[in-house]
Structure formats: C-alpha cells, structure tokens
Amino acid sequence: MSEILIGWTTCDNPDVAERLAHELVERELAACVQIEDGVRSVFKWQGQIQSDLECRLCIKFDAEKLDAVGNFIKANHPYENPEWVVTRPDVVSEKYQNWVTGR
C-alpha cells in the first residue's frame, strides 16, 4: 500500500493560497489542499520580529510525489524562504489513503 504525506506552507495572501492550491490539485500533485485563512505568524526575519496574518495550506499527497510537490512549492511560492514542512501520519483510514494515492 502506498503512503500519504501531509505538507504545510504559508503565504501572505488568500489569492496566492487559492492559486497554489488549485495548481497543486490540477497538476495532480496533491489530492486535497485545505486553506486556513487568518493564521497569525510571529517570526524573526532579517533581524526583525514580524507578526503577520497568513494563510496556511495543508497539502495531502502521495509520498511518491514528495520531490515534485517540493519542487512546485520552491518554483511557485512568492516567499524568498517559504515554509515547507512534511510529515507522515501514523494512522490513515484505508479508503482515504487509497483516495489520496489514487489506488
């Protein structure tokens, strides 16, 4: 059975989040992308503490597409240094896993 991965990134604009999500699904890199608007991020960038509202994208995809999804984020994300964090879920229902992986 193929496995799924969950990746996260953030962006500063709902339109950008929507574009990234649609392209990931249209290109069949991801089965589903959830967009959470209004996430408050506090971070240090270029020596300054920043506090910004962002959109978080939660991307569900087949593990076989890890490199392709990462390359898409790198090439299409507007941030100089976009968040890209990926994890493997411990438990996934078989039907959902089969849907994500197209099996």
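**Salt bridges and core**

Colleague: At its relative accessibility, what does Glu3 count as?
Modeller: This model is predicted, and in it Glu3 has a relative accessibility of 34%. Buried means under 20% and exposed means over 50%. The value for Glu3 lies in between, so Glu3 counts as partly exposed.

Colleague: Which side chain meets that of Glu3 in a salt bridge, and how many residues apart in sequence is the pair?
Modeller: The partner of Glu3 is Arg88, with N and O 3.1 Å apart. Glu3 sits in the segment before E1, while Arg88 is in the loop between strand E4 (85-87) and helix H3 (94-101), so the bridge ties together parts whose separation in sequence is 85 residues.

Colleague: Where in the chain are Glu36 and Arg56, and how many residues apart are they?
Modeller: The two side chains form a salt bridge, N to O, at 3.3 Å. Glu36 belongs to strand E2 (residues 32-45) and Arg56 to strand E3, so the pair links distant parts of the chain. Glu36 is partly exposed at 35% relative accessibility, and Arg56 is partly exposed at 28%. Their separation is 20 residues.

Colleague: How many salt bridges does the count come to?
Modeller: A pair is counted when a side-chain nitrogen of Lys or Arg is within 4 Å of a carboxyl oxygen of Asp or Glu. By this rule the total is 4.

Colleague: How far away from Lys60 is the nearest side chain of opposite charge?
Modeller: Lys60 lies in strand E3. Leaving aside neighbours within four places in sequence, its contacts include Leu5, Ile6, Tyr96 and Val100. Lys60 is buried but has no salt bridge. The nearest opposite charge is on Glu36, at 8.9 Å.

Colleague: Which element gives the most to the largest nonpolar core?
Modeller: This core has 18 residues, and Leu24, Val33, Leu57 and Ile59 touch the most other members. Two or more residues come from each of strand E1 (4-11), helix H1 (14-26), strand E3 (48-62) and helix H2 (66-76). With 5 residues, the element that gives the most is H1.

Colleague: Which residues does Leu24 touch, not counting those up to four places away in sequence?
Modeller: In soluble globular proteins, nonpolar side chains tend to be buried together. With that sequence limit, Leu24 touches Leu29, Ala30, Val33, Ile59, Val69, Phe72 and Ile73.

Conventions. Residues are numbered from 1 along each chain as its sequence is written. This is a predicted model: local features need pLDDT of at least 70, side-chain atom pairs count only at pLDDT 80 or more; totals for chains, interfaces and linings use all residues. Side-chain values use heavy atoms; hydrogens and water are left out. A nonpolar core is a set of buried Ala, Val, Leu, Ile, Met, Phe, Trp, Tyr and Cys residues joined through side-chain atoms within 4.5 Å. Buried means under 20% relative accessible area, exposed over 50%, partly exposed in between (1.4 Å probe, protein chains only). Helices (H or I, at least four residues) and strands (E, at least two) are DSSP runs, numbered from the N terminus. Contact means heavy atoms within 4.5 Å. Lys and Arg count as positive and Asp and Glu as negative; His and the chain ends are not counted.
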